Amino acid sequence: MLTASRLTVRAIVVAALVEAGLRAVKLPTLARVLGVGLAASAGRPAVSPGVAESARVARAARFSVALWGRKERRCLREALVMGHLLRGSQPVLRLGVARDARGVAAHAWVEVAGCAVAEDPRVLAQFTPLRAP
């Protein structure tokens, strides 16, 4: 298990790669390079219990993406960083959509073994998962 500081440094490096990758290649390609699968079905995930390692990885991913100055719509970047850091657990990137007051909202999250990692179940309940392209 990585120390908190090494995990954070690794997350910062991966966040830089994610920023560059989102500008240079299509999402399926970037996800594959990062070792994150794309969800093939549109099923709703279970929410994972608060696993300590997942929480550590989620904090590091959120911190690393925040360093790039993103204040909103960070979930895709955070999910890609988190997925890469959890790649030994065969993470899957899930995308979902919902209608809100502004029109359509989108959200991205990571699942491991069919369970959403470090997500609020009330937030996930608002989104309809999409199938991978």
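Salt bridges first. A search of the whole structure turns up six of them, a salt bridge being a side-chain nitrogen of Lys or Arg within 4 Å of a carboxyl oxygen of Asp or Glu. Side chains of opposite charge can pair when their charged atoms come close.

A word on what we are looking at. This is a predicted model, where local features need pLDDT of at least 70, side-chain atom pairs count only at pLDDT 80 or more, and totals for chains, interfaces and linings use all residues. Residues are numbered from 1 along each chain as its sequence is written, and side-chain values use heavy atoms, with hydrogens and water left out.

Take Arg 77 and Glu 19. Their side chains meet in a salt bridge at 2.4 Å, N to O. Arg 77 sits in helix H4, residues 75-85, and Glu 19 in helix H1, residues 4-24, so this pair ties together parts that are 58 residues apart in sequence. On naming: helices (H or I, at least four residues) and strands (E, at least two) are DSSP runs, numbered from the N terminus. Buried or exposed? Arg 77 is buried, and Glu 19 is too. The cut-offs: buried means under 20% relative accessible area, exposed over 50%, partly exposed in between, with a 1.4 Å probe and protein chains only.

Next pair: Arg 62 and Glu 78. Their closest N and O atoms are 3.7 Å apart. Again distant parts of the chain are linked: Arg 62 is in helix H3, residues 52-66, and Glu 78 is in H4, 16 residues apart. Arg 62 is partly exposed, at 31% relative accessibility. Glu 78 is buried, at 10%.

Asp 120 is partly exposed, at 27%. Arg 122 is exposed, at 64%. There is also a network: salt bridges that share partners join Glu 19, Arg 23 and Arg 77.

Now helix H2, residues 27-34. Which of its residues are buried? Leu 30, Ala 31 and Leu 34 are. Looking down the axis of H2, the buried residues fall within an arc of 100°, so they line one face of the helix. That arc is taken from the directions from the helix axis to the C-beta atoms. An α-helix has 3.6 residues a turn, so residues three or four places apart point the same way. The face of H2 turned away from the buried side carries exposed Arg 32 and Val 33. What covers the buried residues? The cover includes H1, strand E1 (37-38) and H4. Just after H2, Gly 35 takes a positive phi of about 80°.

How do H2 and H4 pack? Their axes come within 9 Å and cross at roughly 30°. Axes here are lines fitted to C-alpha atoms, for helices over the stretch in contact, and angles run from 0 to 180 degrees between N-to-C directions. H2 and H4 are therefore roughly parallel to each other. The scale: under 35 degrees is roughly parallel, over 145 roughly antiparallel, 65 to 115 roughly perpendicular, the rest oblique. On the H2 side, the contact is made by Leu 27, Leu 30, Ala 31 and Leu 34; on the H4 side, by Leu 76, Leu 80 and His 84. Contact means heavy atoms within 4.5 Å. The residues of this contact divide into six nonpolar, one polar and no charged. Ala, Val, Leu, Ile, Met, Phe, Trp, Tyr, Cys and Pro count as nonpolar, Asp, Glu, Lys and Arg as charged, and the others, Gly among them, as polar.

Backbone next. Most residues other than glycine have a negative phi, and most peptide bonds are trans. Gln 90 has a positive phi of about 55°. Gln 90 is in the loop between H4 and strand E3 (92-100), and is exposed at 67%. Ala 118 also has a positive phi of about 55°. Ala 118 is in the loop between strand E5 (115-116) and helix H5 (121-124), and is partly exposed at 31%.

Val 110 is buried, at 1%. Beyond neighbours within four places in sequence, Val 110 has contacts including Ala 79, Met 82, Pro 91 and Cys 115.

Finally, the whole chain. How many helices and strands? Five helices and six strands. Buried residues make up 38% of the 133 residues.
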